[in-house]
Amino acid sequence: MLNLGVVGGTNSGKSSLINALLGQRILPSASKNCTSVLTNIIPSRATRDVPSLTIAGAKLAEGVTEVRERLACLNTETRASGECAVRDALVHCGARRSLRKLIDGNVKIIDVPGHNEADNPAVKQCLEVLLSICHALVVVVKYDAITSDETATLVESLAASSEHLFMTRSAEHSYPIVFVVSQADLVQSAMDDQTVGVDAVEDIKETFRAFLRNRSCLHGYKDFVERVPILASSVSLPVILGSARGGYDFPTLEAFLLKLQERSSRLRAERREMLTKHIAAQFEEKLEIATISYPGRATVLFANEELALRWFTLRRYAKYGAVAALAAAGAASGTWLLWCSYAASTATMTLSATAAVTATGTAAVYGASGFVVLWGTTVATAAGFMTAAQADQKVNFNATTESIRTGVRYEDTLVCDGQPLYIGEFVMKVPDGFGRLFWPSLGSPGFVGEFKEGKPTEGVFLSEAGVVVGRMKLNNKGTFVEADGHQPGDQPILGASCQICANRPAMMAEGASFRPCGHGTVCNACAKMLLESSARCLLCGCRLESLALA
């Protein structure tokens, strides 16, 4: 599914613009802060006439007015609650006639709270979560805020968190970002001469492009500022209701969105490749440093062997006098201190990993159930991935010093700066075989799959926000590309492999599926795991109740 984010400042007109694209007043809009949750809109033919609102798997409203009023209530409740956890809602509806090609259920439009409300704990995490999952962006800037400090802060946030959207594209492809200067009609209405007013709108667009040229955060992206579309738009009530076309560059915006739809497969692949490259680079340096020494249990094992050797030496030298014996004892006690120090750090690691998952500071990402589950977006707990503390408890360490030295594969935990970095199989000191990388500050998975000679080679990459990036493999050029078969979040393909393990056929090939959604993109074994963990469907985010067998 193509995730199209719509971002901007408070009251910049994001919700009104989305309503105009939908051709109906689905989202609440007013001259106050009215968006407080991630609102996911999926245009589809089946719900064109009767829009619906779903939250946490339960349908709460049907019809345009009912959906809008319920969303307004949800926004108010979220602001009043003071909770840090990101909340999201799913809306199925139609789209205006000129955008009918978008009505295929494969595009998700996401409305977020204004980025300049960072002091509100109920909304400040929404932009970060959106940027971790989006494939394209519509950035809405009000006509009188094009050079403001708030706009500069927004551009900096986008450049820092969505690098994959700013990278140079080929000559025939535009960037998957468009800037929209909203409420352009107010610029022209202030002019006595309407022709001068049109020129004033063009001047505002050029002023904004000059503003972008001066942003140091964009200097590293070749040609971006000169090639990125900057459009002006105005939407009135007739436009929102679908009885009139939007003003200024609104038709160009429609054409831009349709072009994104045509490129959706490539955009999804580009996002996976860029984010995977970024994640792999972050772990590569840590692995090089951490693998200088043996992993945790192996270190203790070798320390025990050294301790036994020292005490044996002590007994041999005791007959030569007190001085020699004390020297040997000192060496032995040093080894003992090494063993005690590592045993303590290993215990601390497990406790820290557990605490990190439940820490208040990460509540916006992890919430009460472990991870935020965004509609149509695969996240770590939903896919059955373990935290570092859980993985460490399942390590089956049965190695000896002799087996490790001779290259026999074993399981262990590699620690970096007191936190778990890698848990899985090793050959001598380096990861080799099946294993997991973990984000040290969170204890959440960053990669699950196969390793060779200390490097990940094929498996599932996950962002720090817990979002599954994709199932990737290392090619012979040393870069990560999409692995063959089904990708997390893709539409089901009959005969495809399991979306989680990729080793067994998806259960839909046998006519089985989840209830109540009817999807069956995982194998029977992984389906049971998801049901036991009270997770959601990887495809639609619906709460799973049971299996419907053929």
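Visitor: Which residues of helix α17 (residues 524-532) are buried?

Guide: In this helix C526, A527 and L530 are buried, where buried means under 20% relative accessible area, exposed means over 50%, and partly exposed lies in between, with a 1.4 Å probe and protein chains only. Please keep in mind that this is a predicted model, in which local features need pLDDT of at least 70 and side-chain atom pairs count only at pLDDT 80 or more, while totals for chains, interfaces and linings use all residues. Residues are numbered from 1 along each chain as its sequence is written, and side-chain values use heavy atoms, with hydrogens and water left out.

Visitor: How do you know that the buried residues of α17 line one face of the helix?

Guide: Seen down the axis of α17, they fall within an arc of 105°, so they line one face; the arc is that of the directions from the helix axis to the C-beta atoms. On the other side of α17, K528 and E532 are exposed.

Visitor: What do the buried residues of α17 pack against?

Guide: They pack against β18 (513-515) and β19 (546-548), and contact here means heavy atoms within 4.5 Å. Helices (H or I, at least four residues) and strands (E, at least two) are DSSP runs, numbered from the N terminus, and the protein comes to 17 helices and 19 strands.

Visitor: Why is V181 called buried?

Guide: V181 has a relative accessible area of 2%, and because buried means under 20%, the word applies. V181 sits in strand β8 (residues 177-182), and beyond residues up to four places away in sequence it touches V141, Y143, I146, I204, I230, L231, A232 and S233. In the protein, buried residues make up 53% of the 550 residues.

Visitor: What makes a group of residues a nonpolar core?

Guide: A nonpolar core is a set of buried Ala, Val, Leu, Ile, Met, Phe, Trp, Tyr and Cys residues joined through side-chain atoms within 4.5 Å. The largest one has 43 residues, of which L137, V139, I177, F179, L212, L218 and F224 touch the most other members. Among the elements that give two or more residues to this core are β7 (136-142), β8 and α7 (194-213). Apart from it lies another core, of 38 residues, among them L4, A20, F256 and L267.

Visitor: Which residues does F179 touch, not counting residues up to four places away in sequence?

Guide: F179 touches V139, F208, L212, F224, V228, P229, I230 and L231.
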